[in-house]
Amino acid sequence: MSHPIKHIAIRVYGKVHGVFFRASTREKAHELGITGFAQNEKDGTVYIEAEGTPAALKQLEQWAHQGPRKAKVEKVEVKEMTELAGFKEFKVKR
């Protein structure tokens, strides 16, 4: 396997609820061949966990700084996870 799979966590701050951020993240993940999930948090952020090739994850991370059209992203935090979760698909969680 020439492209190792990595696992990252992304937290997106700003106006990211009610703007189809999670659904748009799922579409982008499908496009990039990434598995994981996106969920809204009570603090108003969107939390994403994603697994894929480093190049695909980098593209998702860059996309998260913009998000869908109506989002107003203020800050994005990315953390590399040490363990793989083995996600089978990309889901939107409530």
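Mentor: Happy to! Let's look at β2, which is mostly covered, with five of its six residues buried; buried means under 20% relative accessible area, with a 1.4 Å probe and protein chains only. Strands here are DSSP runs of E with at least two residues, and helices are runs of H or I with at least four, both numbered from the N terminus. Bear in mind that this is a predicted model, in which local features need pLDDT of at least 70, side-chain atom pairs count only at pLDDT 80 or more, and totals for chains, interfaces and linings use all residues. Residues are numbered from 1 along each chain as its sequence is written, and side-chain values use heavy atoms, leaving out hydrogens and water.

Now for the partners of β2. Two strands pair if DSSP finds at least two bridges between them. With β3, β2 pairs in the antiparallel sense over six bridges, and Gln 39 has Tyr 47 in β3 as its bridge partner. These two strands form a hairpin with five residues between them, and Gly 44 in the turn has a positive phi of about 90°. With β5, β2 runs parallel, joined by four bridges; there, Gly 36 has Phe 90 as its bridge partner.

Finally, β2 (35-40) is among the elements that cover the buried residues of α1, as are β3 (46-52) and β5 (90-93). Those buried residues of α1 include Phe 21, Ala 29 and Leu 32. Seen down the axis of α1, they fall within an arc of 160°, so they line one face of the helix; the arc is that of the directions from the helix axis to the C-beta atoms. Just after α1, Gly 33 takes a positive phi of about 75°.

How values were computed:
Buried < 20%, exposed > 50% of the residue type's maximum accessible area, 1.4 Å probe, protein only. Contact = heavy atoms within 4.5 Å.
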